[in-house]
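Here are a few notes on the model you sent over. Have the structure open while you read them.

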Amino acid sequence: MVVAKNITLKSKGETDIIDITSEVGSAVRNSGIKNGIVTVFVQGATGGITTVEYEPGLVSDLKGAFEKLAARQGKYAHNEKWGDGNGFSHVRASLLGPSLTVPIKGGALMLGTWQQIIFIDFDNRPRSRELAVQIIGE
Amino acid sequence: MVVAKNITLKSKGETDIIDITSEVGSAVRNSGIKNGIVTVFVQGATGGITTVEYEPGLVSDLKGAFEKLAARQGKYAHNEKWGDGNGFSHVRASLLGPSLTVPIKGGALMLGTWQQIIFIDFDNRPRSRELAVQIIGE
Amino acid sequence: MVVAKNITLKSKGETDIIDITSEVGSAVRNSGIKNGIVTVFVQGATGGITTVEYEPGLVSDLKGAFEKLAARQGKYAHNEKWGDGNGFSHVRASLLGPSLTVPIKGGALMLGTWQQIIFIDFDNRPRSRELAVQIIGE
């Protein structure tokens, strides 16, 4: 069985890190699928998905790590050509990746106790976003 | 329903970044699966998969980011032991990861407008590659 | 068909890199699923999964790459708040990601010849771990 859901959200951009665990969990519960997997996917080239223990310290530490990976004020060929100034956003997003797949057991996400699913908006401006949530199982 | 396809390609190596969106899209259309997911997987330890807005500026910026992550001329224990000089290729590939899963809706990939699927060949020589494309759904 | 398996293991922590290919392969064989995908997932925020050519040189090189990405002795807001000293573990785990999906063909993992699946325990102490292995197919 395949059930397609989505999550809509507003982000502030600039490596805005948003906990979407409860939205993904609701989508899974509402799907009626008890055992299987869920894939959460960012439709866009300046966002990414991963997991983290969602607390303010780590949110700040992750932002620092991405600044080190691809500095906001670095030199990007993308910026020189297109002038939109978000070369750093694209590079960060490609390195992290747009997709996360999580197992489902008994209708619930199989996450660790201190593990949350996060969407990161790397773009350099506020965005409205739609994430695809594809649930497969029985 | 499970349909197995593959993509064969030739790469130049040296962080060659190749847009495989149309090949993955064709595999999905030819599978007959309308709703589900597709997993694209590199069978090999020196390649990776992600998405990007595929334009020459970002292709160049991504290459720069990988050089910063794991420098070609850095010191690698792998090179000292095996002498094949591709320690940087392996490290880059492991950090990016060999797998990408994308939702399918109405027989099409659920990508953003400016989002392409890329295979990156990090090896230090030209290669013939076969990517597994596994499509699951209904 | 969906089959849920798991892998239990003990790690030494401190970016302990463990080859779990044979455990994942056994889970797939025992599932009876011949064609499909397997998702391996770390239930926890300080571990990650990827593939590598598993040999001592690359194991050492990967550890070096993670030290460069997020230094053990760096300054982390997580450590200042919680005092458990594993801010670097969390940042490394979030950047690598907790999930890997591999295609299955004829009851076997579709890996390259020199490609192994690894679990990396980034935590700063020995841990007992349980990985979820979710197998979907026919």
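1. First, a definition: two residues are in contact if their C-beta atoms, placed from the backbone, lie within 7 Å. Only 11% of the interface residues of chain C are also interface residues in chain B, so the copies meet through different surfaces.

2. Some housekeeping. This is a predicted model, where local features need pLDDT of at least 70 and side-chain atom pairs count only at pLDDT 80 or more, while totals for chains, interfaces and linings use all residues. Residues are numbered from 1 along each chain as its sequence is written, and chains are lettered from A and ligands numbered from 1 in the order in which they are written.

3. How do chains B and C relate?

4. Now the A/B contact: 27 residues of chain B touch 26 residues of chain A. On the chain B side, α2(B) gives the largest share, 6 residues. Helices here are DSSP runs (H or I, at least four residues), as are strands (E, at least two), numbered from the N terminus.

5. Look at α1 (residues 21-31) of chain A. Its buried residues (20 or more other C-beta atoms within 10 Å of their own; exposed means 12 or fewer, partly exposed in between, with C-beta atoms placed from the backbone) are Glu23(A), Val24(A), Ala27(A), Val28(A) and Ser31(A). On the other side of α1(A), Ser22(A) and Asn30(A) are exposed.
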